Amino acid sequence: RDTPSVLKTYLKEFHPSLVGLTGTWQQVKDVCKAYRVYFSTPEGAKPGMDYLVDHSIYFYVMDPDGDFVECIGRQNTAESAASIIKEHMSDWKNGVKAR
């Protein structure tokens, strides 16, 4: 149900540069396992039904090479999240690792 078009519209509400990923149920499950993300759909949920998905809530900070850097969660305030992002941005200049 979360097609690329639906995700793009949804994520624009947060920031136009956010990227959302989707795929088959198995692909989503495999990526969630790789990133240690929890999700659960209600028992009996069928395609096309309206339902809520229980899931962990994290923002993954990735570097320009697409590598995982840090995780920002509900324990972070807006200020601490901004500080984490700025700190990691200072590690890079024009797409090249500065340090």
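Trainee: Why is Y58 called partly exposed?

Mentor: In this predicted model, Y58 has a relative accessibility of 39%. Buried requires under 20% and exposed requires over 50%, so Y58, at 39%, counts as partly exposed.

Trainee: What makes Y60 buried, partly exposed or exposed?

Mentor: The relative accessibility of Y60 is 26%. Since buried means under 20%, Y60 does not qualify as buried and counts as partly exposed. Y35 is likewise partly exposed, because its value of 35% lies between the limits of 20% and 50%.

Trainee: How many aromatic pairs does the structure hold, and how is a pair of rings described?

Mentor: The structure holds five aromatic pairs. One of them joins Y35 and Y60, with ring centres 5.3 Å apart and planes at 65 degrees.

Trainee: Why is the pair of Y35 and Y60 called edge-to-face?

Mentor: Rings pair if their centres lie within 6.5 Å, and planes over 60 degrees apart count as edge-to-face. The centres of Y35 and Y60 are 5.3 Å apart and the planes stand at 65 degrees, so the pair is edge-to-face.

Trainee: What makes this a pair that links distant parts of the chain?

Mentor: Y35 lies in the loop between α2 (25-34) and β1 (39-40), whereas Y60 belongs to strand β3 (residues 58-62), 25 residues apart. Their C-alpha atoms are separated by 9.1 Å. Leaving aside residues up to four places away in sequence, Y35 touches Y60 and M62.

Trainee: Why is the pair of Y58 and Y60 called tilted?

Mentor: The centres of Y58 and Y60 are 6.3 Å apart, with 55 degrees between the planes. Planes under 30 degrees apart count as stacked and those over 60 as edge-to-face, so the remaining angles are tilted. The pair of Y58 and Y60, at 55 degrees, is therefore tilted.

Trainee: Which residues form one aromatic cluster?

Mentor: The cluster consists of Y35, Y58, Y60 and F68.

Trainee: What is noted about the phi of R36?

Mentor: R36 is not a glycine, yet it has a positive phi of about 60 degrees. Most residues other than glycine have a negative phi. R36 is placed in the loop between α2 and β1.

Trainee: How do you know whether R36 is buried or exposed?

Mentor: The relative accessible area of R36 is 75%. Exposed means over 50%, so R36 is exposed. K8, in helix α1 (residues 4-12), has 57% and is therefore exposed as well.

Trainee: How far apart are K8 and R74 in sequence and in space?

Mentor: K8 and R74 are 66 residues apart in sequence, and 23 Å separate their C-alpha atoms.

Trainee: Which secondary structure elements does the protein chain have, and in what order?

Mentor: The protein chain has three helices and six strands. From the N terminus on, they run α-α-β-β-β-β-α-β-β.

Conventions
Residues are numbered from 1 along each chain as its sequence is written. This is a predicted model: local features need pLDDT of at least 70, side-chain atom pairs count only at pLDDT 80 or more; totals for chains, interfaces and linings use all residues. Side-chain values use heavy atoms; hydrogens and water are left out. Helices (H or I, at least four residues) and strands (E, at least two) are DSSP runs, numbered from the N terminus. Buried means under 20% relative accessible area, exposed over 50%, partly exposed in between (1.4 Å probe, protein chains only). Rings of Phe, Tyr and Trp (its six-membered ring) pair if their centres lie within 6.5 Å; planes under 30 degrees apart count as stacked, over 60 as edge-to-face and the rest as tilted. Contact means heavy atoms within 4.5 Å.
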